[in-house]
Amino acid sequence: MIIKPFAPSPLTIGLQALVTRLQPTHPQYQNLQQEQKIKEAGDFGEQYVMKELRQTALLNDCHIFHNVILPSVLPMQIDILIIVPNAIILLEVKNIRGTVHLKNDPRQLIRTSESGEVHVFTHPEIQLEQYIQGIKHFLDTQNISIPIFGAVVFPFNNVNIHREDSELPILMAKELPLFLHKHIEKSKETSTMNEIKHIVLSHLRDRTPFPLCQYYQIDVSAFKPTKFFQIGHRKQLQNNKLVHTFP
């Protein structure tokens with residue numbers, strides 16, 4: 001059952017509005033445009049994984065949440081959280097094209113694009129381990145003890161993955177139904193599952209970098225003029241949160 005359905009990231013929506021309004025000659029324009037594309041790709045991958053989960057016949061034995069932020073001593077923004085009868089499963093979705101090397105010592109994700117460009121990112125296992133500890137701490141405050149698992153999910157087959165030894169599973173989206181089934185079949189107890197669902201719903205948080213002008217240190221004078229500006233309401237618009245929060 002989808003409890004919290006997919007929704008585009010507020011940052012994605014904000015960046016779309018910001019880039020549309022920003023002058024192309026602005027020194028941050030290209031970087032913000034690239035950041036927008038990355039966020040859009042991430043949203044698209046998460047939306048695809050949520051679609052795969054929605055089509056799974058096992059959904060009656062799951063509670064599925066997209067984009068979960070809960071109060072914790074550790075920062076966490078979980079792409080997808082799944083409550084099954086005997087466990088909680090966290091999914092970190094990586095919509096990346098090209099060749100990916102998941103390296104240890106130090107742990108890094110190294111991506112080589114089709115054009116040969118090499119980019120180095122934080123290993124997704126590090127994020128997942130932090131989220132697992134964060135969820136454990138959160139549930140401890142609610143006096144709940146339940147196994148917590150994590151998996152890295154690549155939504156599409158446009159990536160060639162090379163990995164070194166790893167404790168956490170690396171999955172393609174099409175593997176998720178079988179992966180979930182292996183957890184669900186171990187137990188049919190649902191009382192804790194429903195209790196955790198209600199606790200998560202009652203503690204959900206929002207975290208956005210608004211106001212984007214302040215976040216990216218952009219003065220409102222850099223924006224393209226709009227009809228609203230042209231009819232003499234610039235001061236009114238600047239005083240309105242709409243200018244500063246995008247959209």
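## Exercises: a helix and its salt bridges

Helix H1 (residues 10-21) has twelve residues and spans 17 Å between its first and last C-alpha, close to the 16 Å expected at 1.5 Å a residue. The expected span is 1.5 Å times one less than the number of residues, and helices (H or I, at least four residues) and strands (E, at least two) are DSSP runs numbered from the N terminus. This is a predicted model in which local features need pLDDT of at least 70 and side-chain atom pairs count only at pLDDT 80 or more, while totals for chains, interfaces and linings use all residues. Residues are numbered from 1 along each chain as its sequence is written, and side-chain values use heavy atoms, leaving out hydrogens and water.

**Exercise 1.** Find which residues of H1 are buried.

*Solution.* Start with the cut-offs: buried means under 20% relative accessible area, exposed over 50%, and partly exposed in between (1.4 Å probe, protein chains only). Then go along the helix: the buried residues of H1 are Leu11, Thr12, Gly14, Leu15, Ala17, Leu18, Val19 and Arg21. Finally, look at the start of H1, where a side-chain oxygen of Ser9 comes to within 3.1 Å of the backbone nitrogen of Leu11.

**Exercise 2.** Decide whether Arg107 and Glu125 are each buried or partly exposed.

*Solution.* Begin with the contact: the two side chains, Arg107 and Glu125, form a salt bridge at 3.2 Å, N to O. This pair links distant parts of the chain, with Arg107 in the loop between E5 and strand E6 (108-112) and Glu125 in helix H3 (residues 124-141), 18 residues apart. Now compare with the cut-offs: Arg107 is partly exposed at 29%, whereas Glu125 is buried at 4%.

**Exercise 3.** Find how far apart Lys136 and Asp140 sit in helix H3.

*Solution.* Their side chains meet in a salt bridge (3.3 Å, N to O). Lys136 and Asp140 are four residues apart in H3, so about one helical turn separates them.

Notes:
A salt bridge is a side-chain nitrogen of Lys or Arg within 4 Å of a carboxyl oxygen of Asp or Glu. A polar contact is a pair of N or O atoms within 3.5 Å; within protein, one must be able to donate a hydrogen and the other to accept it, and residues adjacent in sequence count only if both atoms are side-chain atoms.
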